[in-house]
Amino acid sequence: MQKTIVISKKTGRLGNRLQLYAHWIAFALEKEVRIFNPAFAEYSVLFQGTTDQRWGKFPSDKDAISPSLASREWIYWLNRSAYKLAKPLAISKNSGIRVAKAQSSKFIQTDSLLNDFLQESWNILFTQGLHFYSPGEWFVRHGDKIRSFLEPLNVYQEKATQLVTKIKSQTDVLVGVHLRQTDYKEFVGGRFFYSLEQYLMKMLEIRDLYHPRRCSFLICSDVQWEGNPKQGLAYFSGPGTLVGDLMALSKCDLILGPPSTFSGWAAWYGKVPIHFLENPTISLALDSFQILPYPHGAFREEYASLG
């Protein structure tokens, strides 16, 4: 029987769930197991590899019939019931069922998790939590397959592609800015909540770094934002939709934003250098922007204690 890993609980929003899915897909490609991801439910209709999959399955079933969104939600809650049943069963080494949780400050490497279970007989592993990470070298080998599977449907990419293409025809460098405000007032105690003025100052820094080249900014934000025209910044608003903003950021030349799996996914997916703004008082340099070896949001274990 092929071993199956179930991503059993919705963890955060789109960025979190794409990141988690990608790390388990890397595991599946490396170790030849299959993934069920019912927790991707409401987002599964947006992506090439999952739109027809009832259980968010990888590798996907060919010729599958796309289930309704209501059906996907029903399957998710059926899976939650299965998880609750699995917990007591996992105590027995003969049940073939295991449970692993990576929540809050607990970070788990998927390869070490496999080693822990090598001596045991198991068929199904239920997982819960965001912080499962696969080795970077697995993403070197399998990154493009993961990107292909989690590529948005064309209808959700078109507006972002047209917008970025138009802006790039008028500028030399396009910087995507993930200006995240609403939920970051509370996230990890407000550690990464920055004022609009702080974002503006970092944008001016970047413009000065690239002078005399023309530098423009694509603002993807969860609040209405207007720069100061007196500063002479060339800026544009993103598409304003979840997948549209994600794709627009992935097509920029650079990305700036607070630690976030959303901008982290855009950077990894599009192979775009990113700078996670953890301390806005530190001046930026051209080498502040780095390509991510795997999708992540720069969240470290010590941040878990902040909120």
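Modeller: Happy to! One term before we start: a residue counts as buried under 20% relative accessible area, as exposed over 50%, and as partly exposed in between. Also keep in mind that this is a predicted model.

Biologist: Okay, let me try that out. Is Ala64 buried, exposed or partly exposed?

Modeller: Ala64 has 27% relative accessibility, so it counts as partly exposed. You'll find Ala64 in the loop between strand 2 (34-36) and helix 2 (69-89).

Biologist: What does Ala64 touch, leaving out residues up to four places away in sequence?

Modeller: Ala64 touches Asp52 and Gln53. As for Thr51, it is 13 residues from Ala64 in sequence, and their C-alpha atoms are 9.5 Å apart in space.

Biologist: Let's zoom out. How many helices and strands are there?

Modeller: The chain has eight helices and 11 strands. Its C-alpha trace spans about 70 × 45 × 35 Å along the principal axes.

Biologist: How does the radius of gyration compare with that of a compact globule?

Modeller: For 307 residues, a compact globule would have a radius of gyration near 19 Å, and the chain has 20 Å, so the two agree. Buried residues make up 52% of the chain.

Biologist: And what about the inside? Which residues have the most contacts in the largest nonpolar core?

Modeller: Those are Trp24, Ile35 and Leu150, in a core of 60 residues. Helix 1 (residues 14-31) gives the most to this core, with 10 residues. There is also a second, separate core of 25 residues, which includes Phe192, Leu204, Ile206 and Leu277.

Biologist: Who are the contacts of Leu150, apart from its neighbours within four places in sequence?

Modeller: Leu150 is in contact with Leu18, Tyr21, Ala22, Ile25, Phe47, Trp265 and Tyr269. In general, nonpolar side chains in soluble globular proteins tend to be buried together.

Biologist: Trp265 and Tyr269 were on that list. Where do they sit, then, and is their helix enclosed or open?

Modeller: Both are among the buried residues of helix 8. Nine of the 10 residues of helix 8 (residues 261-270) are buried, so this helix is largely enclosed by the rest of the structure. Its cover includes helix 1, helix 4 (136-149), strand 7, helix 7 (242-250), strand 10 and strand 11 (274-276).

Biologist: Strand 7 next! How many of its residues are buried?

Modeller: Seven of the seven, spanning residues 173-179, so strand 7 is largely enclosed by the rest of the structure.

Biologist: Which residues are on which side?

Modeller: Val173, Val175, Val177 and Leu179 are on one side, with Leu174, Gly176 and His178 on the other.

Biologist: What does strand 7 pair with?

Modeller: Strand 7 pairs with strand 8 (residues 215-221) in the parallel sense, over seven bridges. One example is Leu179, whose bridge partner in strand 8 is Ser221. Between these two strands the chain crosses through helix 6 (residues 196-210), and this β-α-β crossover is right-handed. Strand 7 also runs parallel to strand 10 (residues 254-257), joined by three bridges. There, Gly176 stands opposite Ile255.

Biologist: Which residues have a positive phi without being glycine?

Modeller: Glu32 is one of them, with phi of about 55°, and Val188 is another, with phi near 40°. Glu32 lies in the loop between helix 1 and strand 2, and Val188 in the loop between strand 7 and helix 6.

Biologist: Are those two buried or exposed?

Modeller: Glu32 is exposed, with a relative accessible area of 68%, whereas Val188 counts as buried at 4% relative accessibility.

Methods: Residues are numbered from 1 along each chain as its sequence is written. This is a predicted model: local features need pLDDT of at least 70, side-chain atom pairs count only at pLDDT 80 or more; totals for chains, interfaces and linings use all residues. Side-chain values use heavy atoms; hydrogens and water are left out. Buried means under 20% relative accessible area, exposed over 50%, partly exposed in between (1.4 Å probe, protein chains only). Helices (H or I, at least four residues) and strands (E, at least two) are DSSP runs, numbered from the N terminus. Two strands pair if DSSP finds at least two bridges between them. A crossover is right-handed if, with the strands pointing away from the viewer, the path from the first strand over the helix to the second runs clockwise. The radius of gyration is taken over C-alpha atoms; the globule rule is 2.2 Å times the number of residues to the power 0.38. A nonpolar core is a set of buried Ala, Val, Leu, Ile, Met, Phe, Trp, Tyr and Cys residues joined through side-chain atoms within 4.5 Å. Contact means heavy atoms within 4.5 Å.
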